[in-house]
Amino acid sequence: MTYLLADVGSTFTKAALVSEEGSLLARAAVPTTVGPGRDVLDGLIEVCRALAVRDPLTTATDGSGRTDRRVGTVGERLDVPDPFDPRHRNRVLVCSSAGGGLRLAVVGYERAVTAEAGQRVGLSAGAKVVHVAAGPLSTSDVAALRAARPDVVLLVGGTDGGNAEVLLHNARRLARSRVGAPVVVAGNRDARAEVAAELAATGRRVTLTDNVLPQIGVIEPGPARRAIREVFLRHVIGGKGLSRGPRFARLVRAATPDAVLSGVEVLAQVVDGDVLVVDVGGATTDVYSVLTPQGEDASLRKHVVAPLWHARTVEGDLGMRWGAPGVLESARAEGLLGAAGGPALDAWVARAATDPGLLPADDADHALDLTLARLAATVAARRHGRPGGPGEAPRPLQDVTVLVGSGGVLRHSPAADADAVLAAVLADHGGGWRPPANARTRVDTAYLLLAAGLLAPAHPALARAVAARIV
């Protein structure tokens, strides 16, 4: 028996085919078919065709121009489950960030407390947090919220048994606004029923879950993360106009970043230690960490909003193409450029920002691209590791046992070059955080974190077997 694990992204649809023992049988990527008159499922169908016959002499059709050889014997037929056959439902697991992924707005009580807690939870749920509002919503606040075009609104506020006035005020404002997104309520539980009644009175789609901040210093992401995932699957995926009919919405199990974080959690179980992942993309650089705090780190000292030990941060100004100017600007501000800066890097960044399909033409271009990746990864890791606020402690990453790199620039580079990018992160001792002291590095070349995360809910043993192949 085989399992098909696929990620339908805005640019590419990527897939891996694994055996029931956890062996990687094949991987492939094709352009996602989006736009007028196109159906996102066409890309899924095409990637299944690419997986059906594996040929180590051909490259994956990902449009990269770089070799991504698949494993196996020339002409060998593979058992690829049919995504549209109900009998294969448990063998076809799909996540998606197509159509911009999950756009989340957070409405909270205080920016430094419940709004911050809600934002952290939203990121861990795989959302792109497009707006954060704090305090009683005014008319202009509601207008700004509506302009952000969220897919889901996370309404939070107050600890359990604490202040409920702002939460109720904001519920009334949302109920009477022209913001049509479904609302997940994860605030003061004592006011939950009244908040739900206010929203339901005007026909709002409401999901109730436990408070993300039940008491000061304690953050509980799990229930809200699950609720956001369910709302995403029930209301968002089918409403983006990506596919004709209900088939795509039935296939998708999670937002892509949510699936990746689940995969990182599985990998942490496999290595029985802390894990850090840096995913360098074209527009953003995402950093994931799964930690088990020890000693003082496990206490709630100095934290108004405790850190998430299973966390994701998104650096929207750091990327290899659209985000390239932000990498250069941030690296210069951080004092990271040194001898790496100069006219050649400036010119490469300018080209990358205006041509997202830009590929290195020679060794000099490749070296510039790797420099950009090194700077993006280092700045993103610094931001992930630094204290969340004044007087707080850095995220305790010094005991990380495995640092995993992801993203096209690392996936398609020679192993030594990718390892050099990750080594720069581990050698960064001047960034206001403590880098891992003894971590080994790996590159997820075959989307296995994603595969493990998709498998984890229904096939936990298989998920661990897949994750083990990364290390």
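Me: Which residues in H11 meet which residues in H13?

Reply: A contact is judged by heavy atoms within 4.5 Å. In this predicted model, H11 contributes His366, Leu370, Ala373, Arg374, Ala377, Thr378 and Ala381, which meet Asp417, Val421, Ala424 and Val425 of H13. The residues of this contact comprise seven nonpolar, two polar and two charged.

Me: At what angle do helix H11 and helix H13 pack, and how far apart are their axes?

Reply: Helix H11 spans residues 363-385 and helix H13 spans residues 415-426. Their axes lie 8 Å apart, and the helices pack at an angle of about 30°. Angles under 35 degrees count as roughly parallel, and H11 is therefore roughly parallel to H13.

Me: Is the crossing of H11 and H13 left-handed or right-handed?

Reply: The crossing in which H11 passes H13 is right-handed.

Me: Let us turn to the cysteines. How many disulfides are there?

Reply: A disulfide requires a pair of cysteine sulfur atoms within 2.5 Å. By this rule the count is zero. For Cys48, which is in no disulfide, the nearest cysteine sulfur is that of Cys95, 14 Å away. Cys95 likewise is in no disulfide, and its nearest cysteine sulfur belongs to Cys48.

Me: Why does Cys48 count as buried, and why does Cys95?

Reply: Buried means under 20% relative accessible area. Cys48 counts as buried because its relative accessibility is 10%. Cys95 counts as buried because its relative accessibility is 0%.

How values were computed. Residues are numbered from 1 along each chain as its sequence is written. This is a predicted model: local features need pLDDT of at least 70, side-chain atom pairs count only at pLDDT 80 or more; totals for chains, interfaces and linings use all residues. Side-chain values use heavy atoms; hydrogens and water are left out. Buried means under 20% relative accessible area, exposed over 50%, partly exposed in between (1.4 Å probe, protein chains only). Axes are lines fitted to C-alpha atoms, for helices over the stretch in contact, and angles run from 0 to 180 degrees between N-to-C directions. Helices (H or I, at least four residues) and strands (E, at least two) are DSSP runs, numbered from the N terminus. Angles under 35 degrees count as roughly parallel, over 145 as roughly antiparallel, 65 to 115 as roughly perpendicular and the rest as oblique. A crossing is left-handed if the near helix is turned anticlockwise from the far one by less than a right angle, and right-handed if clockwise. Ala, Val, Leu, Ile, Met, Phe, Trp, Tyr, Cys and Pro count as nonpolar, Asp, Glu, Lys and Arg as charged, and the others, Gly among them, as polar.
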